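Biologist: Please put the structure up, and then we can go through it in questions and answers.

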Amino acid sequence: MTIDEKDLLNSILNSLSNIDFIKPEDFPNIDLYMDQVTTFMDTQLSACRRHPEDKVLTKTMINNYAKNNLLPPPVKKKYSKEHMLALIFIYYFKNILSIGDIQAILNPITDKYFNSNLNFNLNDIYSEIFRLEESGIINIKKDLTRKYQLSLQTFSDLPSEDQAELQHFAFICMLCFDVYLKKQLIEKMIDSRLPQTNTAKNASDKSRKKDVSDKNQ
């Protein structure tokens, strides 16, 4: 996703319009081998990559998700449509949440609805979430526009060169603070609605520390 600094707001809004959401009907209904899964994800989510050479999902990532009990194991080295639906949730969660928190959110869902004999399954859940996220883009664009206009009202008494730089910084800070608050809310919801045993809590704490360590490397 590239941003044109000369027309920042319109560039951001256009980038949001071009974000690839994988429609429920676009998932293959046949089981895939690992290489086919990574190729499918890279193709479908190409607009989400920061740099052209970035990979959406790699074999190592997927193997680690299975080892960390985030993803049910493949059957005879093949991944079903439901595996890929779970991978999409992991893909979005992993950008802001620890492994332990993703487990707390996702495991109860996959335990109950993955390969479920119920009338309601993981595909139905993904379809409903997809509908919400697709419609939510409109509100996100409105909120971004409001924040951008507010940032342009800051540092008005400074020279134009300094003003532009600090207004840009103010806009970034507003976006970061929004993400920070929402992350805090998500973590509080996890802690309050999904009580952890001491073992699970320790695993989550270790995961958070590992995340910090990885970021510092």
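Modeller: Helices (H or I, at least four residues) and strands (E, at least two) are DSSP runs, numbered from the N terminus. This is a predicted model, in which local features need pLDDT of at least 70 and side-chain atom pairs count only at pLDDT 80 or more, while totals for chains, interfaces and linings use all residues. Residues are numbered from 1 along each chain as its sequence is written, and side-chain values use heavy atoms, with hydrogens and water left out.

Biologist: In what order do the elements of the protein chain run from the N terminus on?

Modeller: The secondary structure of the protein chain comes to eight helices and two strands. Read from the N terminus on, the order is α-β-α-α-β-α-α-α-α-α.

Biologist: What share of the residues of the protein chain count as buried?

Modeller: Buried means under 20% relative accessible area, exposed over 50%, and partly exposed in between (1.4 Å probe, protein chains only). Of the 217 residues in the protein chain, the buried share is 31%.

Biologist: Among contacts in the protein chain between residues at least 6 apart in sequence, what percentage join residues at least 24 apart?

Modeller: A contact here means heavy atoms within 4.5 Å. Taking the contacts between residues at least 6 apart in sequence, the part joining residues at least 24 apart is 66%.

Biologist: Which elements do the buried residues of α2 pack against?

Modeller: Helix α2 covers residues 34-44, and its buried residues are Met34, Val37, Thr38, Phe40, Met41 and Asp42. These buried residues of α2 pack against β1 (32-33), α3 (59-67), β2 (78-79) and α4.

Biologist: What is the reach of α7 from its first C-alpha to its last?

Modeller: Helix α7 (residues 160-193) has 34 residues, and the expected span of a helix is 1.5 Å times one less than its number of residues. That gives an expected 50 Å, and the model comes close to this value. Within α7, Gln167, Ala170, Phe171, Glu187 and Ile190 are buried. From its first C-alpha to its last, α7 reaches 49 Å.

Biologist: Which helix gives the most to the lining of the largest pocket?

Modeller: A pocket is an open set of points on a 1 Å grid over the protein atoms alone, where a 1.4 Å probe fits, with protein on both sides within 12 Å along at least five of seven lines; lining residues have an atom within 4 Å of a point. The largest pocket holds about 2,600 Å³ of space, and of its 44 lining residues the closest to the centre are Tyr92, Ile96, Glu133, Ile140 and Val179. At least two lining residues come from each of α1 (8-17), α4 (81-93), α5 (99-113), α6 (122-151) and α7. With 13 residues, the helix that gives the most to the lining is α7.

Biologist: How many residues in the lining of the largest pocket are nonpolar?

Modeller: Ala, Val, Leu, Ile, Met, Phe, Trp, Tyr, Cys and Pro count as nonpolar, Asp, Glu, Lys and Arg as charged, and the others, Gly among them, as polar. By these classes the lining has three polar and six charged residues, and the nonpolar ones come to 35.

Biologist: How many disulfides does the structure hold?

Modeller: A disulfide is a pair of cysteine sulfur atoms within 2.5 Å. The sulfur of Cys173 has its closest cysteine sulfur in Cys176, 6.4 Å away, which is too far for a bond. Cys173 is partly exposed at 34% relative accessible area, and Cys176 is partly exposed at 47%. The number of disulfides is therefore zero.

Biologist: Is Leu71 buried or exposed?

Modeller: Leu71 lies in the loop between α3 and β2. Not counting residues up to four places away in sequence, Leu71 touches Ile62, Tyr65, Ala66, Tyr79, His83, Ala86, Leu87 and Ile90. At a relative accessible area of 2%, Leu71 is buried.

Biologist: Where is Asn115 found?

Modeller: Asn115 has a positive phi of about 50° although it is not a glycine. Its relative accessible area is 53%, so Asn115 counts as exposed. Asn115 is found in the loop between α5 and α6.

Biologist: What distance separates the C-alpha atoms of Glu128 and Pro24?

Modeller: Glu128 lies in helix α6 and is partly exposed, at 38% relative accessible area. Glu128 and Pro24 are 104 residues apart along the chain, and their C-alpha atoms are separated by 9.6 Å.

Methods: Points joined across faces, edges and corners; volume = space filled by probe spheres on them.
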